[in-house]
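Subject: Structure for your review

Dear colleague,

I am handing over the structure we discussed, and I would be grateful if you could look through it alongside the notes below.

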Amino acid sequence: QPPPVLVVLGDSFAATNVTTAWPLCTESTTDGCESEAHDRTAIELPGKQVELVSKLAAATDAPLVCVLVHGGAVALGEAWTECDAVVDLWVPGQTGGAALADVLFGDVSPAGRAPYTFYSRTADLSAPMGEFDESTHNGTTYRYYVGPEPTIAFGDGLSYTSFAYAWASSPPATIAPCDAVSLVVNVTNTGAATSDEVVQVYAEVPDAALPAPNVRLVAFERIRDVAPGATTTVTLTVSPESHASVDPDPASVYNERLVVETGRLVLSVGGGQPGRAPGVAATVNVTSARLLGEC
């Protein structure tokens, strides 16, 4: 197999002239370049970067490794399917090249997770770029998003191995509204490489009477250097405030009122959001509702 072909993709940042600082921004038909004091109007890769990836993929049988250098989220378009691997370097510092080499040559297994959502295209956003109407939008984050499937979801990430999850002890069936929930899981490296893993806990409250996020991250822990075949036991605590709902105070919007509501609390533990990575889930019933300030 021929050696991999590496292509660097991204947008312009920390540059005075956003039209020339990143070479592939110069022929962009949309303002997808970013820099200090300059907002984008589109999240698509600017210029002819997607076309470049397509032509490289057609011209070689070698694996195509695409390296992203960027600040904000980008829509990768067809590049997502044309690239055999995508390594996100974000905004690297002076030793970014050495860090990339460690990952590409297998000296380090990457285990980072996406800190925001990579939507598939600008049109998938619930509000135009640069606009946000607090009276009609709950936010363009993973917690409220109901549009087309994103390319990369908040919490997504891969490594050079795989992990399996199992309950080390069963979660409680019921809790009082002020109780914290302790979740204990066994995380086993089922692959061939030593690697870190980011264990994440997401909560859903399907019975909420008040407006609530569809899903939300409520706890996480990075476990390090798990050898092939090894199992690490992880304990994560879900606090009541992490799954409480906002109950606006009619007297003043500045008075914080959070309520832990009665009903089902669905807790998913895994390497990403529910349904996007291996993991386990449990449903805990909250026996009654209570203001968080009274706990």
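This is a predicted model: local features need pLDDT of at least 70, side-chain atom pairs count only at pLDDT 80 or more; totals for chains, interfaces and linings use all residues.

Residues are numbered from 1 along each chain as its sequence is written, and side-chain values use heavy atoms, with hydrogens and water left out.

The structure holds 2 disulfides, a disulfide being a pair of cysteine sulfur atoms within 2.5 Å. One of them joins Cys 66 to Cys 83, with an S to S distance of 2.0 Å, and this link is left-handed, with -80 degrees about the S-S bond. Cys 66 belongs to strand 2 (residues 64-69) and Cys 83 to the loop between helix 2 (79-82) and strand 3, so the pair ties together parts that are 17 residues apart in sequence; helices (H or I, at least four residues) and strands (E, at least two) are DSSP runs, numbered from the N terminus. Both cysteines, Cys 66 and Cys 83, are buried, where buried means under 20% relative accessible area, exposed over 50%, and partly exposed in between (1.4 Å probe, protein chains only).

Another disulfide joins Cys 178 to Cys 295, also with S to S 2.0 Å, and it links distant parts of the chain, 117 residues apart: Cys 178 lies in the loop between strand 5 (174-175) and strand 6 (181-189), and Cys 295 in the segment after strand 14. Cys 178 is partly exposed at 26% relative accessible area, and Cys 295 is partly exposed at 46%.

Turning to the sheet, 3 strands form an open, antiparallel arrangement in the order 10-11-14, pairing being assigned if DSSP finds at least two bridges between two strands. Its edge strands, each pairing on one side only, are strand 10 (245-246) and strand 14 (290-291). Strand 11 (residues 258-260) is joined to strand 14 by 2 bridges, and Val 260 stands opposite Arg 290.

As for the backbone, most residues other than glycine have a negative phi. Trp 90 is partly exposed at 27% relative accessibility, whereas Asp 225 is exposed at 59%.

Finally, Thr 117, in the loop between helix 3 (96-104) and strand 4 (163-167), is buried at 9% relative accessible area.

With kind regards
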